[in-house]
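Dear colleague,

I am passing the structure below on to you, and my notes on helix packing and aromatic contacts follow it.

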Amino acid sequence: MSVYGDKAFEAFHKGYNCSQSVALAFAPEMGLSEEQTLKMAAGFGGGFGRMREVCGAFSGLTLVLGALYGSDDPAQKTQIYTEVQALAEEYKQRSGGGSIICRELLGLSKPEGTPVASPRTAEYYQKRPCAELVRMAADLLAEYIKQHPLPDAH
């Protein structure tokens, strides 16, 4: 576990979505304010706007990865895609669900059919794996950063 995982876990318990929680843990590294980070990641929660597609925690990881290691050179897409795919495989293994798809990780056969977010109650936190997935995604990204130091890291 890392300080980033703890930050993401805490953010999720404050009511932020999965993507926001992971991204917020790395806001300083991205050179963004908390407000900018929360706004930027807002639509990725619930598996993209609660459609239960790609897991918000993994989307947050990918958002941060691109901000830190991405390129503005179109010829460099293969490098970041390679890293995203490798991290997706590791995420699948660690999640226990073998997936990066929100509905599969939640054990749903289909999306709930509504964009309305579920109230954050004690029952919600008990029945959803999201808080632990957020922690795991942030920990995974922290490990990646440690293995691939940023150019201006001291």
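At roughly what angle do the axes of helix α2 and helix α6 cross? This is a predicted model, in which local features need pLDDT of at least 70 and side-chain atom pairs pLDDT 80 or more, while totals for chains, interfaces and linings use all residues. Residues are numbered from 1 along each chain as its sequence is written, and side-chain values use heavy atoms, leaving out hydrogens and water.

The axes of α2 (residues 18–25) and α6 (residues 56–69) cross at roughly 35 degrees and come within 7 Å, where axes are lines fitted to C-alpha atoms over the stretch in contact and angles run from 0 to 180 degrees between N-to-C directions; helices are DSSP runs of H or I with at least four residues, numbered from the N terminus. In α2, C18, S19, V22 and A23 meet residues of α6 including G56, G60 and V64 (contact means heavy atoms within 4.5 Å).

Turning to the rings, a search of the whole structure finds 7 aromatic pairs (ring centres of Phe, Tyr or Trp, the last by its six-membered ring, within 6.5 Å; planes under 30 degrees apart are stacked, over 60 edge-to-face, the rest tilted). The pair of Y69 and Y144 is edge-to-face, because the ring centres lie 5.1 Å apart with the planes at 90 degrees. F12, Y124 and Y125 form one aromatic cluster, and R120 lies over the face of F12, 4.1 Å from the ring centre (CZ of Arg or NZ of Lys within 6 Å of the centre and within 35 degrees of the ring normal).

Best regards

Conventions
Helices (H or I, at least four residues) and strands (E, at least two) are DSSP runs, numbered from the N terminus.
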